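Hi,

Here is the structure I promised to pass on. Have a look at it first, and then read on for my notes.

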Amino acid sequence: MTKVEIDELIKRVAVKAALETEGEPEPGLTSEINWPVNATINRGLEGAISNTTKIGYVNGAKGWLIYRGLNCFDLAEKSSFEETTYLLLYGHLPSRAELQGFNDKLIAYRILPDAVLDVLKAMPKTSHPMSLLATAVSALGSLDDEADDISVTNETEIAIKLTARMASIAGAISRLRRNKEPVNPDPDLTHAANFLYMMTGTKPDEASERIMDASLILHADHGMNASTFTTMVVNSSLSDMYSSVVAGIGSLKGSLHGGANEAALYILEEIGSPENVKPWFEKARAEKRKVMGFGHRVYKAYDPRARILGPIAELVAQKNSESQKLYNIAIALEKEVIEVLGAEKKIFPNVDFYSGLIYNAMSIQTVMFTPIFAVSRIAGWTARALEYLEDNRLFRPRAVYTGPIKAEYTPIQDR
Ligand code: ACO
C-alpha cells in the first residue's frame, strides 16, 4: 500500500459520494441552512427538558430546593452531609445501620493512594485548585482497575469513593499549595470536620464543623445545572464515572457557575468599603459587567440556599474586623443590586454570594472556595449520572448550521 493509492481511494470515494448525495437538504429542513422548519433555539438550552428525575427539584418562582421530597431547610437543620448524600444516591433517608455502613465506606475510601499525592506534588503550586482537583480525579480513575466496569452497582461504589476522596484531594491541594504536607483523615471525624481538618491540620471547633456541614448539604444537588448536566452528558456515552466527574469539575470551575463564589469575593475586595458600593455598581452597569454571586437561570426569587448562608455569613463576620468590613460591603451591594435589578430582572443573590464570605471568615483561601463546592456537588453529580444510567440514552442535541454549504477548497499555495 502506498500513499498515492490512499490518495486515489479517498478521491474515488469523494467523487462517488458527491454524486450520490447531491441535491436539497433532507426533507423538513429549509434549503438555505440546516434549520428544521418550526424549530426555535433556546440559547443555553434554557427551559429545555431532557429527562425525568426523582432526585431533586428546584422551583425558581417560589425559591424552593428539594432533595428527594425533603426541603433543603429541613435537611440543613436536621441532616448531615453523609446522610444527605445517602439520600440523594439511594432515594431514602438511611436507617442507623445503613448510615453506619455508608460511613464505614467513607472512612475507608477517604485515604488517598500515594500515587495521587505524587501527581499533585508534581504540579506547579500556582495551578488553580480546580484544575488540580480534575487532575487528581483523573489519576484516581487511571489507578482504578474497575473504572471501566460500567454497571450501576460498580459506578455507585465509585460514586461513594469519589464522595469520600473529593474532600481528601481538596484538603491535600489546599496544603500542598502552601508548602505543607497533606494530613491523613481521622476516622473519628465527620465528613465536614475531616475536610476542615485535612485543609488546616487542626481539628475544627463544633461551630466551624456545623457551618461546613450545612454548606455541604446546601450545595449537594441543584437540578440540571451546568456541571451536573456536563457530568451526565459524559456518563451517557458510557464513559467511566471518573471521566464524567472530571468533566463536571471543569464545568463547575467557570465563573458563571461554581467559580462565582471566588469571583464574588474578589468583587467585594475590589469595592473596598460600603461607601464605594453605589459608584462601583453604577460603573459596573455602565460597562455591562455582571455582579458575581447574583442572578440565576432558574431562580427568579431569592435563592433558598442564600437565605441560610446570608445569616450564617453575618454571624461569622463578627469574628474579625476584616470579615465584618466585607460583610458590610456585601449587604450594601445586595441592597443596591436588588433595588435596581430585583424588580426589573428578578436578580437576587445566589448561593455563591454568601458562601465565599463564610469561608473567608473561616480563614479558607479564596482559591479553595470552588473546590469546596465540588466536595459537596459530587453527591448530586454522581446521583444524577447513576439515575440516568439506569435508563441510559446518549445525549446528542443538534445545532443549526448557518455557514455556507457549497464552498470550494482552495489549495494552500493559492490562498
Ligand atoms: N449582574 C448584572 N446583571 C445580570 C446578572 C448579574 N449577576 N445576571 C444576569 N444579569 C442580567 C443580564 O445582563 C441580562 O440583562 P439583559 O437582558 O439586559 O441583557 C439579564 O440579566 C439576563 O442574564 P443572562 O446572563 O442572559 O441570564 P442567564 O439565565 O444566562 O444567567 C447567570 C444566569 C449566568 C447565573 C447570570 O445570572 C450570571 O452571570 N450571574 C453572575 C455569575 C454567578 O453568580 N453565577 C453563579 C450562578 S449560581 C451557580 O451556578 C452555583
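A quick definition before anything else: helices (H or I, at least four residues) and strands (E, at least two) are DSSP runs, numbered from the N terminus. What you have is a predicted model, in which local features need pLDDT of at least 70 and side-chain atom pairs count only at pLDDT 80 or more, while totals for chains, interfaces and linings use all residues. Residues are numbered from 1 along each chain as its sequence is written, and side-chain values use heavy atoms, with hydrogens and water left out.

Now the overall picture. The chain has 17 helices and three strands. Its C-alpha atoms fill a box of roughly 75 × 55 × 45 Å along the principal axes. Of the 415 residues, 48% are buried. Here buried means under 20% relative accessible area, exposed means over 50%, and partly exposed is in between (1.4 Å probe, protein chains only).

On to the strands, where two count as paired if DSSP finds at least two bridges between them. The three strands make an open sheet in the order 1-2-3, with antiparallel pairing. Strand 1 and strand 3 are the edge strands, each pairing on one side only. Strand 1 (residues 56-59) and strand 2 (residues 64-67) are joined by four bridges, and Val 58 sits opposite Leu 65 in strand 2. These two strands form a hairpin with four residues between them, and Gly 63 in the turn has a positive phi of about 80°. Strand 2 also pairs with strand 3 (residues 70-71), this time over two bridges; there, Ile 66 stands opposite Asn 71.

Two backbone angles deserve a look. Arg 68, in the loop between strand 2 and strand 3, has a positive phi near 50° without being a glycine. Arg 68 counts as partly exposed because its relative accessible area is 21%. Leu 238 is not a glycine either, yet its phi is positive, at about 65°. You'll find Leu 238 in the loop between helix 10 (226-236) and helix 11 (241-253). With a relative accessibility of 48%, Leu 238 is partly exposed too.

Finally, the surface patches. They are made of residues with over 30% relative accessible area and no salt bridge, joining like charges within 9 Å and nonpolar side chains (Val, Leu, Ile, Met, Phe, Trp, Tyr) within 5 Å. A salt bridge is a side-chain nitrogen of Lys or Arg within 4 Å of a carboxyl oxygen of Asp or Glu. Accessible areas come from the Shrake-Rupley method with a 1.4 Å probe, and for residues only the protein chains shown count as cover.

The nonpolar patch consists of Met 1, Ile 6, Leu 9, Ile 10 and Val 13, with about 540 Å² of accessible area together. Val 13 belongs to helix 1 (residues 3-21). A negative patch is formed by Asp 145, Glu 146, Asp 148 and Asp 149. Asp and Glu count as negative and Lys and Arg as positive, with His and the chain ends not counted. Glu 146 lies in the loop between helix 6 (129-143) and helix 7 (152-176), and is partly exposed at 43% relative accessibility.

Cheers

Note on methods: The place of a charge is taken as NZ of Lys, CZ of Arg, CG of Asp or CD of Glu.
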